[in-house]
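Here is a short walk through one protein chain. Keep the sequence and the 3D view side by side as you read.

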Amino acid sequence: MLYAPHFISIMVICGMIRIFLSPSGGLINLIAGTSIDFLTESAAFRTIYIASGIWQDAGWGIIVYMATLANVDTSLYEAAKVDGASLFQRIRHIDIPELTSIMVLNLIMSAGGLMNVGFEKVWLLQTDLNKATSDVIAVYVYQQGIENAKYSYSTAVGLFNTAINIILLIIVNKVAGKISEDTSFI
């Protein structure tokens, strides 16, 4: 299994992705028995971006959730076993309620960066052939501001992006408040 800790640089992650997806000797092409250059395929960019994000951040998520579960009082599990609760019932009535607060916190933290789709990873994996799919707001702001010297325009686009992000964060925060108040769905 290939592990990529959360703390590895995006530059290194993108280098690893390029190696794995290389048409000549890349791991994916060796397994599939093909020689496709996936990074030049516009349709494949979103899948590559999302899968590499999951691969990069899964370890951190596991650490956070396992640390939360390690803090659960063991007497709750023992009492549930004595009462005849199945594994599914223990997960539903002990683990999920204990994880709710950290799930809400992760939801808020994720919503805070929703509009800021990783500029670095997109910039490093972008090619002329996948540009139609891989162009995001952050790359557009960079191109308009730095490459085209349209400073005021790129600032306005960046400010609009930030305003939308703040509105999304407020909405998610209100929804998260209602979720944490009402845990009857569990």
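Predicted model: local features only at pLDDT ≥ 70, side-chain atom pairs only at ≥ 80, totals over all residues.

Residues are numbered from 1 along each chain as its sequence is written, and side-chain values use heavy atoms, with hydrogens and water left out.

The pLDDT is the predictor's confidence in each residue, from 0 to 100. Its mean over the chain is 84, and 93% of the residues reach 70 or more. Confidence is highest in helix α4 (residues 74-82), at a mean of 91, and lowest in helix α7 (residues 131-134), at 82. Helices are DSSP runs (H or I, at least four residues), numbered from the N terminus.

Go to helix α2 (residues 27-32), the place of asparagine 29. Asparagine 29 is buried, at 2% relative accessible area (buried means under 20%, exposed over 50%, partly exposed in between; 1.4 Å probe, protein chains only). The side chain of asparagine 29 has a polar atom 2.8 Å from the backbone oxygen of isoleucine 36.

Lysine 131 and aspartate 135 join their side chains in a salt bridge, 3.8 Å from N to O. The rule asks for a side-chain nitrogen of Lys or Arg within 4 Å of a carboxyl oxygen of Asp or Glu. The count is one salt bridge. Lysine 131 is partly exposed at 27%, and aspartate 135 is partly exposed at 34%.

Finish at helix α5 (residues 87-112), which holds leucine 87. Leucine 87 is exposed, with a relative accessible area of 57%.

Terms used:
Helix = DSSP H or I, 4+ residues; strand = E, 2+ residues; numbered from the N terminus. Polar contact = N/O pair within 3.5 Å; in protein donor to acceptor, adjacent residues only side chain to side chain.
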